[in-house]
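This report describes selected features of one protein model, moving from a pair of side chains to strand pairing, a loop residue and a pocket. The sequence and structure are shown first.

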Amino acid sequence: GRIVVHSERTITTSDGSVGHGTSSFVANGQIVKDRFTDIMTNTSGGYRFRARSVFVLDLSTETVRVERFELTCLGP
């Protein structure tokens, strides 16, 4: 009754951004948790950013305990 998944990825977008990221997913019968972090760079546009998210669902009450998403500029 328990699932744990971890993945790593590379990212390329149509506007020329490239990057990498990680994600994890856990389900244990009591909670479901999903988390990711991506770092993207666009050298032609001169920017870098980080996207992070976490989501936690309490299965016993069907209540979202944590739902957070943030974008952070990392500069040129």
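## Ser17 and its contacts

Between the side chains of Ser17 and Asn42 there is a polar contact of 3.3 Å. A polar contact is a pair of N or O atoms within 3.5 Å; within protein, one must be able to donate a hydrogen and the other to accept it, and residues adjacent in sequence count only if both atoms are side-chain atoms. The model is predicted: local features need pLDDT of at least 70 and side-chain atom pairs count only at pLDDT 80 or more, while totals for chains, interfaces and linings use all residues. Residues are numbered from 1 along each chain as its sequence is written, and side-chain values use heavy atoms, with hydrogens and water left out.

Ser17 is located in the loop between strand E1 (3-12) and strand E2 (18-27); strands (E, at least two residues) are DSSP runs, numbered from the N terminus. Ser17 counts as buried because its relative accessibility is 3%, where buried means under 20% relative accessible area, exposed over 50% and partly exposed in between (1.4 Å probe, protein chains only). A further polar contact, of 3.0 Å, links the side chains of Ser17 and Asp15. Beyond its neighbours within four places in sequence, Ser17 is in contact (heavy atoms within 4.5 Å) with Ile11, Thr12, Met40, Thr41, Asn42 and Tyr47.

Asn42 belongs to strand E3. With a relative accessibility of 4%, Asn42 counts as buried. In sequence, Asn42 and Ser17 are 25 residues apart, yet their C-alpha atoms are 4.3 Å apart in space.

The side chain of Asn42 also makes a polar contact of 2.9 Å with the side chain of Ser44. When residues up to four places away in sequence are not counted, Asn42 touches Asp15, Gly16, Ser17 and Tyr47.

## Strand pairing and turns

E1 and E2 run antiparallel and are joined by 10 bridges; two strands pair if DSSP finds at least two bridges between them. Within this pairing, Ile11 stands opposite Gly19 in E2. The two strands E1 and E2 form a hairpin with five residues between them, and Gly16 in the turn has a positive phi of about 95 degrees.

E2 also pairs with E3, in the antiparallel sense and over 10 bridges. Here His20 stands opposite Ile39 in E3. The E2 and E3 hairpin has three residues between its strands, with Gly29 in the turn at a positive phi of about 90 degrees.

## A loop residue with positive phi

Glu62 lies in the loop between E4 and E5. Although Glu62 is not a glycine, it has a positive phi of about 55 degrees. Most residues other than glycine have a negative phi. Glu62 is exposed, since its relative accessible area is 71%.

## The largest pocket

The largest pocket holds about 160 Å³ of space. A pocket is an open set of points on a 1 Å grid over the protein atoms alone, where a 1.4 Å probe fits, with protein on both sides within 12 Å along at least five of seven lines; lining residues have an atom within 4 Å of a point. Grid points are joined across faces, edges and corners, and the volume is the space filled by probe spheres set on the points.

The lining consists of Arg35, Phe36, Thr37, Arg52, Ser53, Val54, Arg68, Phe69 and Glu70. Strand E3 (31-42), strand E4 (47-58) and strand E5 (63-75) each supply at least two residues of this lining.

Technical notes
Helices (H or I, at least four residues) and strands (E, at least two) are DSSP runs, numbered from the N terminus.
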